[in-house]
Amino acid sequence: MDSHPLGIGIIGAGQIIKRHALAYRSLPDLARLVAVAEIDPKRAEEAKKRYRFQRTYTNYADLLACKDIDAVSICTPAASHAAIVIDAIRAGKHVLCEKPMATTLADADRIIAAAQDHPKSAVSCVFQLRNDPTHQRMRWMIEQGYIGKVLFAKVCVRLRKSRGYYQSAPGRGSYKSDGGGVVINQAIHQIDALLSLLGEPVAVSAVMDTFVHPIEAEDTLVGWIRFAGGAIATVECSTCAKRKEFSIDIVGEHAGMRVSGDPDSQRFDWRVDVAGSAAKRALRSAGLRRFPDPRDPKPWTVVAEKLLAAITRRDRLPPSDRGHAPLIREFLESARAGQPGPIPPQEARRSLELTMALYESARTQRVVDLPLDPCCGLYDGVDGESKTASKKEVQSVAS
Ligand SMILES: NC(=O)c1ccc[n+]([C@@H]2O[C@H](COP(=O)([O-])OP(=O)(O)OC[C@H]3O[C@@H](n4cnc5c(N)ncnc54)[C@H](O)[C@@H]3O)[C@@H](O)[C@H]2O)c1
């Protein structure tokens with residue numbers, strides 16, 4: 001195993017670069033920042049100065065040609081991910097790509113094929129909730145069987161996005177650049193978390209609309225999902241809410257669990273409600289003792305923040321930038337060990353497929369079965385025309 005810090009390039013220097021650059025810098029034994037590629041030269045220079053890169057490029061191909069760069073983070077708008085990920089894999093780099101990995105299933109499948117052709121490259125998507133201790137604990141509780149069979153779940157992503165947010169970069173909320181609206185851009189984190197908790201989805205139904213924002217795609221979607229294990233989940237997501245709420249509720253035979261909080265500040269609470277004393281005993285003896293919380297008098301509540309410091313093993317990052325660090329550590333460790341990335345392309349495809357199924361259902365006003373057929377209308381992505389057509393279809397169904 002190579003023990004030198006890996007040379008890092010970052011492609012795209014907009015909002016999210018900060019979390020990547022600071023996470024790499026907090027892991028000096030594993031990584032050193034080398035270069036940034038950004039089509040806007042002024043932004044490239046600003047990023048170089050702020051995060052202390054050695055060099056800048058305006059064409060990412062020049063960065064990929066650098067021999068002293070071993071791994072790249074891709075932080076460009078979603079629709080550009082597939083081409084850049086594939087070029088980076090073919091250039092022999094380890095690749096960490098921001099969510100969503102791609103905006104179409106066709107592109108996701110191209111990435112999967114490229115990764116399979118280059119097994120020495122560690123390839124991963126970013127879904128930082130997977131490394132959040134509260135979400136990990138939910139998964140562990142289900143896997144250990146402590147809550148019994150999962151019956152139903154509720155995912156809630158309520159956001160209040162401003163007009164300024166949608167104007168801050170060209171193409172926000174458009175199919176061409178973002179691949180859709182609130183589901184693919186914001187709620188995909190919680191959808192990915194739900195999939196990691198409940199397994200394979202088999203059918204979905206949804207309705208969506210663009211209520212408030214001057215964007216092409218949906219700002220609100222409500223739907224349900226049936227899972228192969230029998231559980232049902234509801235999903236509601238919107239960027240029109242007055243009050244922020246991010247939560248996942250799970251109801252099982254023996255216990256209920258809820259994780260809620262704010263991904264931007266990396267603060268989540270995790271709660272378990274148990275009715276039977278047998279379930280309580282099992283949790284106490286096997287589960288909660290692993291993470292004792294002397295400051296919290298409520299035995300079934302854990303605040304995640306203090307666990308994060310232990311997981312990142314360094315406490316140098318401000319709370320709002322800690323979310324990416326554990327995942328980036330895992331990515332670098334897999335790259336050094338010659339293993340696949342922590343969230344490989346096949347895994348990242350799952351939330352994209354579920355997103356596309358929700359869009360397909362809302363578009364066609366039908367229940368959609370999964371896995372999606374490669375011949376389905378959305379395999380190559382949603383475009384503006386089909387969205388307009390769907391509105392007409394909905395209107396004709398309504399009249
Ligand atoms: N994981 C998270 O919590 C999280 C949060 C925010 C954004 N994101 C994701 O990160 C990605 C970027 O989002 P953002 O908010 O930083 O976007 P942004 O628009 O602020 O920044 C994107 C940058 O990429 C640059 N760019 C575009 N094409 C390029 C190319 N070919 N080569 C080099 N640079 C190029 C743009 O000029 C821009 O500076 C998106 O996929 C988004 O969904 C993830």
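Q: How many bridges join strand β5 to β6?
A: In this predicted model, strand β5, which covers residues 94–97, is joined to β6 by three bridges, and the two strands run parallel.

Q: In what order do the six strands stand in the open sheet?
A: Reading across the sheet, the order is β3-β2-β1-β4-β5-β6, and the pairing is parallel. The edges are taken by β3 (55–57) and β6 (123–125), each of which pairs on one side only. On average, neighbouring strands of this sheet are turned by 20° against each other, with direction ignored.

Q: How should I read the packing of two helices, and at what angle do the axes of α4 and α5 cross?
A: Two packed helices are described by the angle between their axes and by the distance between those axes. Here the axes of helix α4 (residues 81–90) and helix α5 (residues 105–117) come within 10 Å and cross at roughly 5°. Angles under 35 degrees count as roughly parallel, and α4 and α5 are therefore roughly parallel to each other.

Q: Which residues of α4 and α5 make the contact?
A: From α4 the contact takes A82, V85, I86, I89 and R90, while α5 contributes D107, R110, I111, A114 and A115. By class, the residues of this contact divide into seven nonpolar, three charged and no polar.

Q: How many residues surround the ligand, and which are the closest?
A: The ligand is surrounded by 23 residues, of which G12, G14, I16, E98 and A169 are the closest. The shell around the ligand is made up of eleven nonpolar, seven polar and five charged residues.

Notes. Residues are numbered from 1 along each chain as its sequence is written. This is a predicted model: local features need pLDDT of at least 70, side-chain atom pairs count only at pLDDT 80 or more; totals for chains, interfaces and linings use all residues. A residue is near a molecule or strand if its C-beta atom, placed from the backbone, lies within 6 Å of it. Ala, Val, Leu, Ile, Met, Phe, Trp, Tyr, Cys and Pro count as nonpolar, Asp, Glu, Lys and Arg as charged, and the others, Gly among them, as polar. Axes are lines fitted to C-alpha atoms, for helices over the stretch in contact, and angles run from 0 to 180 degrees between N-to-C directions. Helices (H or I, at least four residues) and strands (E, at least two) are DSSP runs, numbered from the N terminus. Angles under 35 degrees count as roughly parallel, over 145 as roughly antiparallel, 65 to 115 as roughly perpendicular and the rest as oblique. Two residues are in contact if their C-beta atoms, placed from the backbone, lie within 7 Å. Two strands pair if DSSP finds at least two bridges between them.
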